[in-house]
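Reader: Can you walk me through this one? I have a few quick questions.
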Amino acid sequence: MQPGRTPHEQSDEMVHADLAFEVAVGQPDFAGVQTALVEILEELRDPATGCVVRREGATLAYVEQDIDPNWDGALADHLLDDPTDMESRALLSKSMVRLGLPPARLNDSASTFSIGERVRSEIARAVAYSPDILLLDEPTNHLDIDGRTWMIDFLQGWAGACLMVCHDR
């Protein structure tokens, strides 16, 4: 590598992020500001000014902050649009292994999963199709120290882009 140049500057592929955010805060504790940013990027909300431009064909997966505590039925019923679709089931099973969840639990009652396991399973669903951009809104809210360590390890191996809204350092 040439001195003073990053690996991205060395490659033929240009990696460029020209991001600028101006946030007007109405609440003294910044409540909802980060979530609003994720919602704008997910195109669930329009920016007050400016625009969001995404490369054509770029895929995005979003894991919401709030995990429903009242899951019913099998985990597969909750995570898959069609639990009988074997291709989707296989992709989700592979993703679950990456996230430290036994795929055999897809048929278990979702109510038997801890909230931390539910967070992991939601992330497993999000990464199953290898999105270009992974948006995680407060994913560590329900994770213990082992879960947070797992999150760091997982994201260090993630090949795509990731924007994580988080109060952790």
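Author: One term before we start: a polar contact is a pair of N or O atoms within 3.5 Å, and within protein one must be able to donate a hydrogen and the other to accept it. Also, this is a predicted model.

Reader: Fine. What lies 2.6 Å from a polar atom of the side chain of serine 95?
Author: The backbone oxygen of alanine 124.

Reader: Where is serine 95, and is it buried or exposed?
Author: Serine 95 sits in helix H4. Its relative accessible area is 3%, so it is buried, the cut-off for that being under 20%.

Reader: Back up a bit. How many helices and strands does the protein chain have?
Author: Six helices and three strands. Starting at the N terminus, the order is α-α-β-α-α-α-β-α-β.

Reader: And how much of the chain counts as buried?
Author: 32% of the 169 residues.

Reader: Now charges. Which residues form the negative surface patch?
Author: Asp81, Asp82, Asp85 and Glu87.

Reader: Where does aspartate 85 fall?
Author: In the loop between helix H3, residues 75–79, and helix H4, residues 86–98. Aspartate 85 is partly exposed, with a relative accessible area of 30%.

Reader: What separates leucine 37 from valine 165?
Author: Along the chain, 128 residues; between their C-alpha atoms, 8.7 Å.

Terms used. Residues are numbered from 1 along each chain as its sequence is written. This is a predicted model: local features need pLDDT of at least 70, side-chain atom pairs count only at pLDDT 80 or more; totals for chains, interfaces and linings use all residues. Side-chain values use heavy atoms; hydrogens and water are left out. Patches are made of residues with over 30% relative accessible area and no salt bridge: like charges are joined within 9 Å, nonpolar side chains (Val, Leu, Ile, Met, Phe, Trp, Tyr) within 5 Å. Accessible areas come from the Shrake-Rupley method with a 1.4 Å probe; for residues, only the protein chains shown count as cover. A salt bridge is a side-chain nitrogen of Lys or Arg within 4 Å of a carboxyl oxygen of Asp or Glu. Lys and Arg count as positive and Asp and Glu as negative; His and the chain ends are not counted. The place of a charge is taken as NZ of Lys, CZ of Arg, CG of Asp or CD of Glu. Helices (H or I, at least four residues) and strands (E, at least two) are DSSP runs, numbered from the N terminus. Buried means under 20% relative accessible area, exposed over 50%, partly exposed in between (1.4 Å probe, protein chains only).
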